[in-house]
Amino acid sequence: MSLISDIPVLDDLDAPRASTVRATGEIQVYLETYGCQMNVSDSEIVASILKENGYGLTGRLEDADVILINTCAIRENAEQKVRRRLAEVRAHKRHNRPDLKIGVLGCMAERLRENLLEQEKLVDLVVGPDAYRDLPRLLGETADTGQAVVNVQLSREETYDDITPIRYDSNGISAFVSIMRGCDNMCSFCVVPFTRGRERSRSITSILDECTSLVDEGYREVTVLGQNVNSYRFRQNGTAVDFPELIHRISLVSDDLRVRYSTSHPKDCSDDLLNVHRERANVCNYIHLPVQHGNTDMLKRMRRTYSRDEYLGLVERARKIVPGIALSTDIIAGFCAETEEEHQDTLSLMREVRYDQAYMFMYSERPDTYAARKFKDDVPEVVKKRRLSEIIALQSQISLQNNKKEIGREHTVLVEGPSRRSNDQLSGRTDTNKMVVFDRRALKKGDYVRVRVHDCTSATLRAEVVDG
Ligand code: SAH
Ligand code: SF4
Ligand code: F3S
């Protein structure tokens, strides 16, 4: 069996993405993005705001007059990665471009505010996730005065719903559509409520309009984004539209448009939503349902508001209502006071659920969170590492076993482009979100193709195209 790639961990998302559309404009901006899909989506909004205001976007850092880094603060190592990058950018400014403007956007900007200017010399702008409309003014001000500028104001209303994102790093087939911002959940380990502010939902009309335009432009898949999509709620003509209804309405935009979403908090994943999966063929048979831990006391300390049994009950319901639904999860190893037995509960829950995919992390204490204030980060680093590696090894085994069961089965795959290994091969995903590699033939990006699986690794299926 050929090894195609390793098991995915969320750090894949931490790989930076750079702006690649070059437009004419007097001032060229290079935009680099770290962190989650929400940040990728935000950078597309930033690109749009800048372009509307006469800036050009360049994919080459050396050509840039302005470098903007959209940052993540979720774990200490995410911040360290950004700091290393800032050091490189600073060196470039010092040696080659003294007039270069450097901006830090996103979650690290929001968390550290003015302190960033002291910690990271030569930074000219610090702009939080709700202040991107102010970017042109801020860029103008720092250019005029030579002074650093900061706007980290969070908003209760901002959803950028009138801004059409520029999808500069897109494959032209799959797009992110942001439907809400912020998070009110206050999980004890998590910095997001501090960096993203209060929950608010975008208008349903602007979401549906954006999806319709995407279909017209040839897109075939949308991933609907929010920190907690199940909390979506928008009042229209006196009635409230909730998340199941929104997904249903998006699925009606076109039968050729696949609909995915992320992230769904287990506490409010309802039967209504599961029924939409069952009833609408283009709502994918896949849910990312982060459990975080397998032990009820730990879940309490994490303030996740569900118990192990409630979570397992939800999994059972999901599989009953939507047979064959694929599930993925997020897991944290080594959270405060985690005992060996509690860790074993995470492993046993994984064996019980048998996730198709998991994103697995070592706990990293974040300043100001409930956990940082109330609990001790007392699991030694070596123990955290060992527990995480046990979790990763188990998931790798389960993913491989699940994928082996796929051998001989047929799936409809949306072609996304050439495979990573060879131009003669294409790749795309099943509606259960499994990556598949197959011969190119006369197929092209955006086609739906029927394939039969003949081989696999823990991360990828190999398949042949089914004729006819
Ligand atoms: N809104 C999503 C999660 C966004 S953050 C949800 O609630 O599911 C993505 C993942 O990062 C989380 O699910 C969690 O597993 C992980 N994470 C968040 N804070 C962390 C921390 N302090 N240390 C380690 N992992 C963390
Ligand atoms: Fe963080 Fe919890 Fe909100 Fe997810 S639901 S963003 S883990 S606070
Ligand atoms: Fe990171 Fe902010 Fe996303 S902290 S994970 S970029 S919401």
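Visitor: How many bridges join β8 to strand β11, and which way do the two run?

Guide: Strands here are DSSP runs (E, at least two residues), helices are runs of H or I of at least four residues, both numbered from the N terminus, and two strands pair if DSSP finds at least two bridges between them. In this case five bridges join β8 to β11 (residues 221–225), running parallel. S174, for instance, stands opposite E221 in β11.

Visitor: What should I know about the model and its numbering?

Guide: This is a predicted model, where local features need pLDDT of at least 70 and side-chain atom pairs count only at pLDDT 80 or more, while totals for chains, interfaces and linings use all residues. Residues are numbered from 1 along each chain as its sequence is written, chains are lettered from A and ligands numbered from 1 in written order, and side-chain values use heavy atoms, leaving out hydrogens and water.

Visitor: What is the strand order in the open sheet of three strands?

Guide: The order is β8-β11-β14, with parallel pairing. β8 (174–178) and β14 (258–262) are at the edges with a single partner strand each, so one side of each has no neighbour in the sheet.

Visitor: Which helix lies across β8, β11 and β14?

Guide: Angles run from 0 to 180 degrees between N-to-C directions, using axes fitted to C-alpha atoms (for helices, over the stretch in contact), and contact means heavy atoms within 4.5 Å. Here helix α2 (residues 37–52) lies across those strands, at about 90° to β8. Helix α8 (residues 204–216) also packs on the sheet, touching β8 and β11, and its direction makes about 170° with that of β8.
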